[in-house]
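Subject: Structure handover and notes

Dear colleague,

I am passing the structure on to you with this message, and my notes on it follow directly below. Please read them with the coordinates open beside you.

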Amino acid sequence: MLALNNIILEDLEDIYRRDINWEKLRNKTVFITGVNGLIASYFVYFLMYLNDEYCYNIKIVGLARNEEKVRKRYGSFLDRKDFKVIYQDVINKIQFEGEVDFIIHAASPTGPKQFMSEPVDTILANAMGANNLLEFAQEKGVEAFLLLSTREIYGSGSKDFVKEEDYGAVNPTLVRSCYPESKRLSETLCAAYRQQYHMNCKVARIDHAYGPGMLLRDGRVVGDFLGNILDNKDIILNSDGSGMLALTYIADVLAGIMMTILNFEGFVYNIANSERTVSVKELAETLIKLFPQKNLQMQFEILEDSAKAGYLGNKLGFLDSEKAVNEGWRPKISLAEGMKRTIQFFESTK
């Protein structure tokens with residue numbers, strides 16, 4: 001049995017029970033970037049789970065910049081024969097000599113504060129990083145390459161829900177646009193490699209993924225609110241709470257991404273549980289009701305515009321995931337259940 005927290009193990013078992021063509025991974029090498037992140041770490045854990053529970057004999061190669069964070073997240077797993085980590089930045093040529101069958105490119109800056117303080121680094125990490133990984137994929141002759149993207153590529157528009165073929169406006173002269181514009185270019189690079197080199201590239205666009213192992217207190221709503229709950233502090237809203245969110249639990253996200261690369265035939269898929277959107281205020285209320293024993297309240301400390309730097313000032317449509325749903329993906333975890341599981345994970349690992 002894989003030595004992981006029970007909450008994560010339950011998630012891995014749930015993912016495995018879904019109707020996904022796991023046999024495509026047997027005896028293969030999977031290269032995953034950004035393994036310190038939430039989604040990529042779940043990929044690593046799941047592949048280890050397939051090896052330990054079902055003898056899939058998968059070789060897992062991770063890429064990360066920060067060795068200290070890797071050791072903190074993976075610990076004794078670094079001694080496993082099926083897991084190897086390479087330490088380098090994706091803006092440099094990828095250095096790995098072995099065979100590779102699948103590439104999951106999950107490395108990317110994701111924090112609004114970083115977008116504003118390091119916009120050049122954000123652009124280079126996304127655009128140059130994607131090109132370096134695609135060149136690497138071409139050299140290795142991989143079976144499939146998957147890019148994790150974002151709903152921000154759709155830009156602003158009039159639609160409440162956006163399908164894969166929709167697009168909107170992004171102001172290229174705003175510093176905050178460093179993230180969506182570079183992610184757009186990453187997707188265009190995937191389309192170009194598909195066309196010019198006939199590479200099996202896939203793109204999974206996701207929205208707010210959350211769950212065990214996510215970043216807390218990172219300046220984003222979900223991470224900050226969960227941090228408040230864990231710290232037994234009142235939840236502070238820096239707005240009127242009317243902003244809307246579509247939150248998808250990590251097990252559902254991973255299942256959708258796995259289906260995109262192993263089951264689906266198309267190029268781009270939205271992977272988000274947008275059937276039940278929630279306002280920022282409703283999220284705070286949900287968390288407070290889930291943990292009544294903490295006796296927490298909701299407070300408002302609305303910031304001046306200058307303090308909101310890094311947050312989107314325009315309305316984005318939510319992801320319409322009908323295409324993925326029609327091909328077999330189903331989000332299963334409710335908001336209340338997912339939030340409860342996430343808090344239970346962090347409380348059990350204090």
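This is a predicted model: local features need pLDDT of at least 70, side-chain atom pairs count only at pLDDT 80 or more; totals for chains, interfaces and linings use all residues.

Asp11 belongs to helix α1, and its side chain makes a polar contact of 2.7 Å with the side chain of Tyr249. If residues up to four places away in sequence are set aside, Asp11 touches Tyr42, Pro212, Tyr249, Ile250, Ala251 and Arg341.

The helix around Asp11 deserves a description of its own.

Helix α1, residues 6–16, and helix α8, residues 250–262, have axes that come within 10 Å of each other and cross at roughly 35°, and the crossing of α1 past α8 is right-handed. On the α1 side the contact involves Asp11, Asp14 and Ile15, which meet Ile250, Ala251 and Leu254 of α8. Sorted by class, this contact of α1 with α8 holds four nonpolar residues, two charged residues and no polar ones.

Tyr16 is also placed in helix α1. Tyr16 and Leu50 are 34 residues apart in sequence, yet their C-alpha atoms are 8.3 Å apart in space. Again leaving out residues up to four places away in sequence, Tyr16 touches Trp22, Phe46, Tyr49, Leu50, Tyr54 and Tyr56.

A further aspartate that I would ask you to inspect is Asp320, found in the loop that runs between β15 (318–319) and α10 (322–326). Asp320 has a relative accessible area of 17%, and because the cut-off for buried is under 20%, Asp320 is classed as buried. The side chains of Asp320 and Lys163 are joined by a polar contact of 3.2 Å, and, apart from neighbours within four places in sequence, Asp320 is in contact with Phe161, Val162, Lys163, Glu164 and Asn270.

On the cysteines, a search of the whole structure finds zero disulfides. Cys178 counts as buried, at 4% relative accessibility, whereas Cys55 is exposed, with a relative accessible area of 58%.

Finally, His198 sits in the loop between α6 (178–197) and β7 (201–206), and at 69% relative accessibility it counts as exposed. Computed along the chain the wording is simple: His198 and Thr173 are 25 residues apart in sequence, while the C-alpha to C-alpha distance between His198 and Thr173 is 34 Å.

Notes
Residues are numbered from 1 along each chain as its sequence is written. Side-chain values use heavy atoms; hydrogens and water are left out. Axes are lines fitted to C-alpha atoms, for helices over the stretch in contact, and angles run from 0 to 180 degrees between N-to-C directions. Helices (H or I, at least four residues) and strands (E, at least two) are DSSP runs, numbered from the N terminus. A crossing is left-handed if the near helix is turned anticlockwise from the far one by less than a right angle, and right-handed if clockwise. Contact means heavy atoms within 4.5 Å. Ala, Val, Leu, Ile, Met, Phe, Trp, Tyr, Cys and Pro count as nonpolar, Asp, Glu, Lys and Arg as charged, and the others, Gly among them, as polar. Buried means under 20% relative accessible area, exposed over 50%, partly exposed in between (1.4 Å probe, protein chains only). A polar contact is a pair of N or O atoms within 3.5 Å; within protein, one must be able to donate a hydrogen and the other to accept it, and residues adjacent in sequence count only if both atoms are side-chain atoms. A disulfide is a pair of cysteine sulfur atoms within 2.5 Å.
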